[in-house]
Amino acid sequence: MPDMKIATIDDQTIDDLLRIAVEHNPDSDVEMLQRAYDFASVAHGGQKRKSGQPYIVHPLATAITLAELGLDDDTIAAGLMHDVPEDTETTLDDIKKEFGKEVAFLVEGITKLGQLKYRGIDRYVENLRRMFVAMAEDARVILIKFADRINNLRTLDALPPEKRRRIALESLEIFAPIANRLGMGEVKGQLEDLSFPYVYPEEYNWMVNRVIPLFKEKEEFVHEFQQFLIAELKQRGIIAIDAHGRTKHIYSLYQKLIKNNRDLAKIYDLVAIRIIVDSVAKCYEALGVVHELCKPLKGRIKDYIAQPKPNGYQSLHTTVFAPKGFAPDDEKAHIVEVQIRTAEMHKEAEFGIAAHWAYDEFKHHKKIDRRVDWMQQIIDMQDNLTDKDLLLESLKIDIFQNRIYAFTPRGDVIELPEDATPVDFAYKIHTDLGHTCSGAKINDQIASLNTTLKSGDVVEIFSDPHRKGPSADWLDFVNTDTARSHIRSYLNKESRSLLDKTKDVDY
Ligand code: MN
């Protein structure tokens with residue numbers, strides 16, 4: 001099995017595509033793929049991308065991503081032609097005549113899906129619905145959409161700033177969680193990391209300039225500790241077929257930091273070692289050896305093999321104290337997460353449903369893959385649910401774990417962590433709105449400011465312009481950094497100005 005990795009380099013050619021397709025599937029129909037490329041090139045003719053490049057560069061990059069995911073020829077061909085019916089004179093019928101029903105069906109699916117734009121709760125739900133319908137018909141459609149989006153995010157700089165943010169936000173809020181739910185860790189990571197700088201530029205810079213350098217310092221230590229574990233395992237007859245210090249995706253690292261109040265010391269899996277062995281039995285054996293050598297941290301041993309995550313993720317996780325002699329003096333550097341899994345589990349974790357659906361396997365797995373069952377359940381649920389709040393509520397449980405999406409009365413989506421309150425919501429919109437908020441309505445009902453918000457809630461904030469500022473009590477229930485830091489800095493300023501006034505009187 002060739003290494004599955006999504007390349008990040010541009011200026012690829014059709015030869016690169018054909019080579020990658022054959023690497024993953026020796027029986028790949030290169031003649032057909034070449035024809036699809038020529039067909040799309042002719043159809044797009046002299047069209048140029050916003051960046052000035054010939055248009056074909058984009059569908060080619062999309063197809064290459066699909067080939068890297070190990071998908072079948074029809075999907076790759078559909079990737080090459082995915083923008084043809086919408087953007088050129090060439091029709092879906094033409095594609096059907098040249099390439100058959102299957103390819104035309106996939107291209108049609110991606111065309112129908114269109115661009116996911118939303119404003120307000122109705123469009124949001126409607127677009128999610130379209131996404132799920134497309135997935136249920138044939139999940140390969142959504143994989144083409146992901147590949148298309150990854151490439152568009154890479155060339156986002158060519159668009160005006162407003163558009164950049166919208167596309168990036170949508171990728172972060174809708175595409176990435178769905179990729180995650182489909183078990184596609186690598187695709188999710190790419191979607192998030194590519195969107196991150198556009199959606200939260202300041203936070204991104206903070207990560208790159210302040211956090212990542214700290215992380216790099218630990219790399220050498222992690223490498224040595226990893227070598228030590230591999231040697232010890234080998235002595236006991238367990239061969240690590242692969243092992244790597246895990247490079248965490250920057251956005252997921254950021255999410256973890258936010259959850260832990262930006263306290264780097266609390267993130268034990270900031271550095272992790274991944275050990276890949278050849279059987280499930282060896283996973284448990286290896287875990288035993290790791291615990292024999294290193295004391296595990298209480299409550300951090302997780303058996304995702306016996307109990308996989310809802311998206312199918314399997315692995316053994318443990319966090320251990322590395323023996324003395326590896327770490328520098330810093331106490332925290334001793335703590336390392338170790339993940340143990342089989343090669344099969346690894347492929348699953350990175351590529352999810354795509355790992356299953358390579359070549360012909362795909363069709364046979366269609367009915368049995370539990371993640372497909374999950375999609376089907378959502379479709380069934382939608383058919384029975386006309387209540388939008390209920391629908392969003394159930395989508396929240398299923399896709400948007402750990403984050404909620406509430407709405408302003410105008411329908412703007414506000415993303416918040418779980419347990420957020422109307423005060424968090426107000427600060428997220430504007431500092432002044434936070435400072436002056438005096439009450440809230442949630443779904444048209446008056447609610448207290450410490451109510452816990454749910455996904456799909458429509459939140460109206462009442463602002464009292466005469467209000468002096470936030471109350472110190474709010475610190476007891478707010479759950480976002482934004483709210484907390486604004487309240488604190490206001491209160492600090494307030495106490496300072498009181499001191500100033502006292503001085504004035506003294507004089
Ligand atoms: Mn496209």
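Predicted model: local features only at pLDDT ≥ 70, side-chain atom pairs only at ≥ 80, totals over all residues.
Both Y200 and Y254 are buried. Of the 507 residues in the protein chain, buried residues make up 51%. Among the contacts in the protein chain with a separation of 6 or more, residues 24 or more positions apart account for 67%. The points below begin with the aromatic residues and then turn to the metal site, the cysteines and selected residues.

**Aromatic pairs and the ring cluster**

- A search of the whole structure finds nine aromatic pairs.
- One of these is formed by F196 and Y254, whose rings are tilted, with 4.9 Å centre to centre and 35° between the planes.
- F196 lies in helix α10 (residues 185–199) and Y254 in helix α13 (residues 250–259), so this pair ties together parts of the chain that are 58 residues apart in sequence.
- F196 is buried, and Y254 is buried as well.
- Y254 also forms an aromatic pair with Y200; this pair is likewise described as tilted, at 6.4 Å centre to centre and 40° between the planes.
- Ring pairs join F196, Y200, Y204, Y251 and Y254 into a cluster.

**Charged side chains over rings**

- The charged end of R149 sits over the ring of F175, 4.5 Å from the ring centre.
- R49 lies over the face of Y55, and the distance to the ring centre is 5.6 Å.

**The manganese site and helix α8**

- Which residues coordinate the manganese ion? The donors are H58 (NE2), H82 (NE2), D83 (OD) and D148 (OD), at 2.2 to 2.4 Å.
- In sequence, these donor residues follow the spacing H-x23-H-D-x64-D.
- H82 lies in the loop between α4 (73–80) and α5 (84–87), whereas D148 is in helix α8, so the pair ties together parts that are 66 residues apart in sequence.
- H82 is buried, with a relative accessible area of 2%, and D148 is buried, with a relative accessible area of 7%.
- Helix α8 covers residues 140–154, which is 15 residues.
- From its first C-alpha to its last, helix α8 reaches 21 Å, close to the 21 Å expected at 1.5 Å a residue.
- Helix α8 is mostly covered, with 14 of its 15 residues buried.

**Cysteines**

- How many disulfides does a search of the whole structure find? The search finds zero disulfides.
- A disulfide is a covalent bond between the sulfur atoms of two cysteines.
- C283 counts as buried at 0% relative accessibility, and C294 is buried with a relative accessible area of 1%.

**K188 in helix α10**

- K188 has its place in helix α10.
- Is K188 buried or exposed? At 19% relative accessibility, K188 counts as buried, because the category applies under 20%.
- Not counting residues up to four places away in sequence, K188 touches A176, A179, N180 and S252.

**The loops around β10**

- V458 lies in the loop between β10 (445–447) and β11 (459–463), and it counts as partly exposed at 29% relative accessibility.
- The C-alpha atoms of V458 and A406 are separated by 5.9 Å, although these residues are 52 residues apart along the chain.
- V458 touches F407, T408, P409, K441, I442 and N443, not counting residues up to four places away in sequence.
- N443, one of these contacts of V458, lies in the loop between β9 (437–442) and β10.
- D444 is found in the loop between β9 and β10.
- Most residues other than glycine have a negative phi.
- N443 has a positive phi of about 45° although it is not a glycine, and D444 has a positive phi of about 70° although it is not a glycine.
- N443 counts as partly exposed at 30% relative accessibility, whereas D444 is exposed, with a relative accessible area of 63%.

Definitions and conventions:
Residues numbered from 1 in each chain as written. Heavy atoms only, no water. Helix = DSSP H or I, 4+ residues; strand = E, 2+ residues; numbered from the N terminus. Expected span 1.5 Å × (residues − 1). Buried < 20%, exposed > 50% of the residue type's maximum accessible area, 1.4 Å probe, protein only. Donors = N, O, S within 2.8 Å, 3.2 Å for Na, K, Ca; no water. Contact = heavy atoms within 4.5 Å. Phe/Tyr/Trp six-rings, centres within 6.5 Å; stacked < 30°, edge-to-face > 60°. Lys NZ or Arg CZ within 6 Å of the ring centre and 35° of its normal. Disulfide = S-S within 2.5 Å.
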